[in-house]
Amino acid sequence: MARGKQPAKAQRAPKVHRAVVTHTVDDFEAAFWPDEQPVDNAVVMTMGALHEGHAALIRAARRQVGRDGRVAVTVFVNPLQFGAGEDLERYPRSLDEDVKLAEENGADVVFAPSVDEVYPNGQPQVRLAAGPMGERFEGTTRPGHFDGVLTVVAKLLHITDPDFALFGEKDAQQLAIIRRMVADLDFDVEVVGVPTVREEDGLALSSRNRYLSAEDRAHALALSEALFAGRDVAAQGPKAVREAAAAVLDGAEGVTLDYLALIDPHDFTEAPDDFQGEAVLAVAAKVGTTRLIDNVRIIVR
Ligand SMILES: Nc1ncnc2c1ncn2[C@@H]1O[C@H](COP(=O)(O)OP(=O)(O)OP(=O)(O)O)[C@@H](O)[C@H]1O
Ligand SMILES: CC(C)(CO)[C@@H](O)C(=O)[O-]
Ligand code: BAL
């Protein structure tokens, strides 16, 4: 080697993990299934506006399938799960940043289809029904929401055909209903739940946090504080948990409570006063004009 010349290895740019971005089912399939090689693969479904909660899902997906497996991230704001007067039009859309976050955390392929690509026949006539589990809690305020979620999740499972599908525990009712759909309808996929990622002060990360003013952001802390207060007295039973959480929310400034519930996670029903074991303490509220949800898993004695 000539004097002063760098060895070839040192000249090479550091290897950057790049994700292929696709917008059609055909392009997605070509990118996600480039060959017949049997490798594990995983999908993380999102509505975009990605944050560190989504990053945790993508990293968990990568861990699940290993270095040689494939990870897909879908980015699709599904009109079917939005009710009249909800934020479908204003929902944050930021595909370029989303692709960056997805590839930095180990995604191989991003699937960001248009509404027409997902629903080429317009509004689907045939849809999935979430049943009674979809009518409580979130379903009371958002009737039909989980039917819309399940319909698109089923379609995305068919398109991506993954071994693993990862969802956040932040949307606990959604996760429970998706698990139930997979069991009831024999989907050949393992559903993996990922713990909620929070800001240092406790606020659960959520794309809708982008709507919060500085004042709303301060008021929003009441949600996680209520859940943590309930969790602190879990050993004293369901009544104590409900009361401790309610006390934080009672009169909390800028917060309009939708529901606060202690839930049996098996069938997503309200836990009775003598309930013991693992439960979900969940809250939904409007902070200013932004509707937020959060929950913690606790062991009630
Ligand atoms: N803080 C979080 N920690 C872990 N997973 C999360 C978190 N926030 C969202 N997820 C998960 O990411 C997936 C995609 O969710 P989505 O794109 O709706 O994000 P979101 O932040 O929940 O948005 P929104 O604010 O609209 O509720 C879901 O499985 C959801 O549970
Ligand atoms: C699962 C999902 C991507 C379906 O649109 C959505 O409900 C979400 O982001 O949680
Ligand atoms: N993260 C749940 C999707 C929704 O609110 O529509």
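Visitor: Which residue types count as nonpolar, charged or polar?

Guide: Ala, Val, Leu, Ile, Met, Phe, Trp, Tyr, Cys and Pro count as nonpolar; Asp, Glu, Lys and Arg count as charged; the others, Gly among them, are polar. In this predicted model, the shell around ligand 2 has five nonpolar, four polar and one charged residues.

Visitor: Which residues are around ligand 2?

Guide: They are Met45, Thr46, Met47, Asn78, Gln81, Val149, Val152, Val153, Asp171 and Gln174.

Visitor: Which elements each supply at least two residues of that shell?

Guide: Strand E2 (41–46) and helix H7 (145–160) do. The largest share, three residues, comes from H7.

Visitor: Which residues does UniProt list for "binding site"?

Guide: The record, an unreviewed entry, lists Gln81 and Gln174. They are spread over 94 residues of sequence, yet they cluster in space, with a largest C-alpha distance of 11.5 Å.

Visitor: Where does glutamine 81 lie, and is it buried or exposed?

Guide: A residue is buried if 20 or more other C-beta atoms lie within 10 Å of its own. Glutamine 81 has 21 such atoms within 10 Å, so it is buried. Its place is the loop between E3 and H4. Leaving aside neighbours within four places in sequence, glutamine 81 is in contact with His145, Gly148, Val149 and Val152.

Visitor: What does glutamine 174 touch?

Guide: Not counting residues up to four places away in sequence, glutamine 174 touches Val149 and Phe167. Glutamine 174 sits in helix H8 (residues 172–184), and it counts as buried because it has 22 C-beta neighbours inside 10 Å.

Visitor: Where does UniProt place the feature "active site"?

Guide: The unreviewed entry places it at His54. That histidine lies in helix H3. Histidine 54 is buried because 28 other C-beta atoms lie within 10 Å.

Visitor: What follows H4?

Guide: Glycine 106 does, and its phi is positive, near 110 degrees.

How values were computed: Residues numbered from 1 in each chain as written. Chains lettered and ligands numbered in written order. Predicted model: local features only at pLDDT ≥ 70, side-chain atom pairs only at ≥ 80, totals over all residues. Near = placed C-beta within 6 Å. Helix = DSSP H or I, 4+ residues; strand = E, 2+ residues; numbered from the N terminus. UniProt positions renumbered as here; feature names shortened; annotations may be inferred. Buried ≥ 20, exposed ≤ 12 C-beta atoms within 10 Å, placed from the backbone. Contact = placed C-beta atoms within 7 Å.
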